[in-house]
Amino acid sequence: MTQPVPLWKRTVFRLFPTFLIVCLLLATELSLRLFVPSLDVPLVTVEHYDGTDWYRINRRFLDRYFPADVVLLPELKPTLFRKTKSPHGFRVVCLGESSMFGTPYQMNATIPAILRIQLRRLMPERDVEVINLGASAINSNVIADLAPRVLAFSPDVVLLYAGHNEFYGPDGVGASWLERRLPWLTPWKYALRDVRIVRLFSQWIGGAAEKRATAADRNMMRQVSRGALVPEGSEDAERVYRSFERNLESIINVFRRARIPLIVSDVTSNLLFAPFAPELPSALAHAEAALNSENAHTLLQSLDEEATGDSASAALEYLRGRDLLALGDAEAARMSLRRARDLDLLKFRATGRTNEIIHRVCEWNGIPCVPADSLIASLSPHGIAGGDLFWEHLHLTAKGYYQIAGIMLSAIEHFHYLPPELDRQDGNAPRIPYDADSLAIPWLDLAYADISMRQLTSHWPFQNVRVPAVVMAQASEELRNIALDVYTLKISWDEGCYRSALEFLKAGRSGLAAVTYRGLIEDSPLNGQAHYLLANVLKESGALQRAADEYAQAVRLMPGHPYSRVELGLVLTNLGEFDQAIAQFNATLGLPERSVPVTARASACYGLAAAYANKGEFAAALRWADESVRLAPGYPPARELQTRLRQIH
């Protein structure tokens with residue numbers, strides 16, 4: 001009689017295939033980590049410049065928060081900052097959505113950039129770094145997952161501006177059935193997407209999705225919302241509000257435990273923008289045409305019974321608000337316009353309840369809350385958020401972003417988060433005034449915004465929205481082409497800045513060229529080429545000391561660039577700093593001969609001749625003038641100086 005197989009053997013036999021599969025998966029995962037480094041998408045990468053290690057924000061990091069079949073993926077701004085914070089550094093991290101990113105701007109017209117330039121003016125001896133971690137289409141689910149990673153950067157203060165994307169951001173109303181009931185699964189899902197096998201599979205799906213993508217798939221607003229309509233008070237809406245409150249609590253706790261100051265802002269939106277969904281009901285269409293006429297008020301009252309459902313109610317409230325505003329009742333108009341925003345079925349604007357949650361959670365936790373919405377309303381006509389501070393439904397113009405950056409800086413000062421030597425008791429420090437020159441906002445940044453907003457508002461869900469251009473309408477054909485080439489990714493951002501600056505120089509508008517170079521430097525202080533080009537403009541304008549400072553920065557960042565050294569030497573000669581000038585000319589001639597063009601060597605020799613002549617050492621001056629003429633016989637300044645020195649000698 002056959003003996004029965006022991007239970008433990010049967011169990012091992014049954015589990016063995018599973019064990020082999022697990023081993024195979026682990027081996028595959030390890031192999032991918034070792035041999036396919038491109039599958040690793042960390043938040044930061046390490047770069048080495050100027051003898052220092054730097055972190056650069058990885059613009060692709062947000063891939064992990066979106067399904068594999070999503071065609072348009074938002075990106076982070078690739079900010080560069082020190083890996084090890086300077087002992088004299090002051091570091092701010094900005095978290096948020098597209099408004100914090102700065103949409104539609106790309107460079108210095110954003111909240112983080114304006115805050116950075118204000119802080120650098122306030123404390124020039126400090127190494128100020130403002131890290132922009134805002135991005136389009138993300139929400140508090142993403143920010144809550146991102147927050148613990150920020151701790152590694154040792155920020156002195158963190159700023160949060162978020163709330164508009166709660167419904168349509170990752171895992172908002174589009175969350176799976178299981179995540180709706182078990183929201184704690186969402187962070188686990190994000191972590192799973194970091195597994196290399198999963199990432200490889202996602203890339204394969206993403207490639208297939210890209211090939212079959214339609215125009216609708218390339219519309220970010222349609223892609224993130226899927227056209228989902230969300231009635232206020234619905235189960236979906238309530239779940240999103242609970243999730244937002246829970247995430248906000250989580251974010252606060254992350255920074256509280258690390259003893260890092262956090263400042264939260266409420267969010268603002270354009271109340272004068274009509275509700276998105278659906279289009280104006282037919283019963284109300286004639287009321288819009290009658291708006292501001294003598295019988296509009298009576299007509300709107302008669303439509304109360306005709307309008308049913310949230311869509312009609314939103315449209316009716318909007319028209320009623322506009323009518324009340326025309327009649328001069330701003331307070332009643334504000335209430336109707338707020339209701340219209342909240343009843344909009346396409347919730348691309350944060351509702352009033354979103355701001356209520358922000359204020360309540362901040363108050364419960366003792367966290368500073370910046371009233372951005374009230375500020376923007378106070379600066380708008382009739383105290384109703386709108387007007388020239390907005391592009392469309394919620395994105396602010398540069399002027400609007402300037403105001404929010406200002407109130408955030410005031411909060412940093414008020415709550416004594418600045419370094420001790422700047423902890424003022426006598427009110428706010430002076431601010432840089434709002435204008436493109438003072439804030440180093442280049443023309444290209446404004447032109448890019450013009451193009452971006454025109455493109456955005458030309459597609460769903462916008463209807464008959466016309467956004468006036470700020471700078472593109474008056475630009476030359478060459479400048480318009482440069483801006484379009486940057487927008488369509490035919491040329492890089494920096495290349496677009498350099499080309500536009502050159503066009504301004506050709507047109508005799510050196511001030512706009514200088515602003516462009518300053519903007520590049522403000523965005524990336526390690527840009528030696530921008531320092532050099534700015535110095536050239538300053539030298540031509542007669543600002544020799546400022547030119548010398550910029551040339552010195554270019555030399556420090558590009559020690560092998562001969563023209564920076566030559567020009568610095570020439571400016572120092574004009575400033576009477578002859579020994580320092582001689583040192584720069586000699587350093588130029590000491591560079592490897594193959595890296596120094598003949599014209600640069602001839603200029604350095606001429607500079608030595610001029611410096612020695614000014615010191616009264618005419619024999620040495622003549623030798624260097626002769627050498628300059630030998631190298632470049634057609635160089636007029638050298639020939640002229642040679643002739644004069646021969647007469648003296």
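Me: What share of the 649 residues of the protein chain counts as buried?
Reply: Happy to start there! This is a predicted model, in which local features need pLDDT of at least 70 and side-chain atom pairs count only at pLDDT 80 or more, while totals for chains, interfaces and linings use all residues. Residues are numbered from 1 along each chain as its sequence is written, and side-chain values use heavy atoms, leaving out hydrogens and water. Buried means under 20% relative accessible area, with exposed over 50% and partly exposed in between (1.4 Å probe, protein chains only), and of the 649 residues the share that counts as buried is 51%.

Me: How many helices and strands does the protein chain have?
Reply: Both are DSSP runs numbered from the N terminus: helices are H or I with at least four residues, and strands are E with at least two. Counted that way, the protein chain has 27 helices and eight strands.

Me: In what order do the five strands of the parallel open sheet stand?
Reply: Two strands pair if DSSP finds at least two bridges between them. Strand 4 and strand 5, for example, run parallel and are joined by eight bridges, with V93 opposite I131 in strand 5. The five strands form an open sheet with the order 5-4-6-7-8. Its edge strands, each pairing on one side only, are strand 5 and strand 8 (369–370).

Me: At about what angle to strand 5 does helix 3 run?
Reply: Axes are lines fitted to C-alpha atoms, for helices over the stretch in contact, and angles run from 0 to 180 degrees between N-to-C directions. Helix 3 (residues 111–122) lies across strand 4, strand 5 and strand 6, and its angle to strand 5 is about 170 degrees.

Me: Why is helix 4 largely enclosed by the rest of the structure?
Reply: Look at which elements its buried residues pack against: strand 4 (89–96), strand 5 (127–134), strand 6 (157–161), helix 6 (185–192) and helix 9 (235–257). At the N-terminal end, N139 caps helix 4 with a side-chain oxygen 3.1 Å from the backbone nitrogen of N141. Among the buried residues of helix 4 are V142, I143 and L146. Helix 4 (residues 140–150) is largely enclosed because the number of its 11 residues that are buried is nine.

Me: Which side chain of opposite charge is nearest to D445?
Reply: D445 is found in helix 17 (residues 443–456), and a polar atom of its side chain lies 2.9 Å from the backbone nitrogen of Q106. For charge, Lys and Arg count as positive and Asp and Glu as negative, while His and the chain ends are not counted. A salt bridge is a side-chain nitrogen of Lys or Arg within 4 Å of a carboxyl oxygen of Asp or Glu. D445 is buried yet has no salt bridge, and at 8.1 Å the nearest side chain of opposite charge is K77.

Me: What is the relative accessible area of L645?
Reply: L645 sits in helix 27 (residues 636–648). Not counting residues up to four places away in sequence, L645 touches A613, F618, A621, L622 and A625, where contact means heavy atoms within 4.5 Å. L645 is buried, and its relative accessible area is 3%.

Technical notes:
Polar contact = N/O pair within 3.5 Å; in protein donor to acceptor, adjacent residues only side chain to side chain.
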